[in-house]
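Student: Could we go through this model together, setting each value against the definition behind it?

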Amino acid sequence: MIGDITAADEIYIVCGYTDMRKSIDGLCAIVEDKLHMDPRNRALYLFCGRRSDRFKMLLWEPDGFILFYKRLSAEQGRYRWPRNKDEVRNLTWREFDWLLSGIDIEQPKAIRAS
């Protein structure tokens, strides 16, 4: 199915700020240069801009890239995006759900899956 994010084996969040004007090629360059990864892996890569009210997801499918873009309405607030620009995190599906729900992924009391 086109755009099936559940096909991703890994989820990576690129912390810090990303220029939201970047398209697929620009985001692939970030994955290659900053993460030292192949953007054609079965992974979902997440990027967020300064406003924290929008993000992009990059996903490789066997026949090409898919770019997802989501922008929150003004009433919905902002995403709680980690801002350490030198960090790339591997997220669990639970943390991914928290992030998209506006919950901080740094949950010290949450039970971590082994």
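Tutor: Two strands pair if DSSP finds at least two bridges between them, and strands (E, at least two residues) and helices (H or I, at least four) are DSSP runs numbered from the N terminus. This is a predicted model, in which local features need pLDDT of at least 70 and side-chain atom pairs count only at pLDDT 80 or more, while totals for chains, interfaces and linings use all residues. Residues are numbered from 1 along each chain as its sequence is written, and side-chain values use heavy atoms, with hydrogens and water left out.

Student: What makes S2 and strand S3 (residues 54-61) a pair?

Tutor: DSSP needs at least two bridges, and S2 and S3 have 5, in the antiparallel sense; Leu 46, for one, has Met 57 as its bridge partner in S3.

Student: How do you know that strand S2 (residues 43-48) is largely enclosed?

Tutor: Buried means under 20% relative accessible area, with exposed over 50% and partly exposed in between (1.4 Å probe, protein chains only); 6 of the 6 residues of S2 are buried, so the rest of the structure largely encloses this strand. Ala 43, Tyr 45 and Phe 47 point one way from S2, whereas Leu 44, Leu 46 and Cys 48 point the other way.
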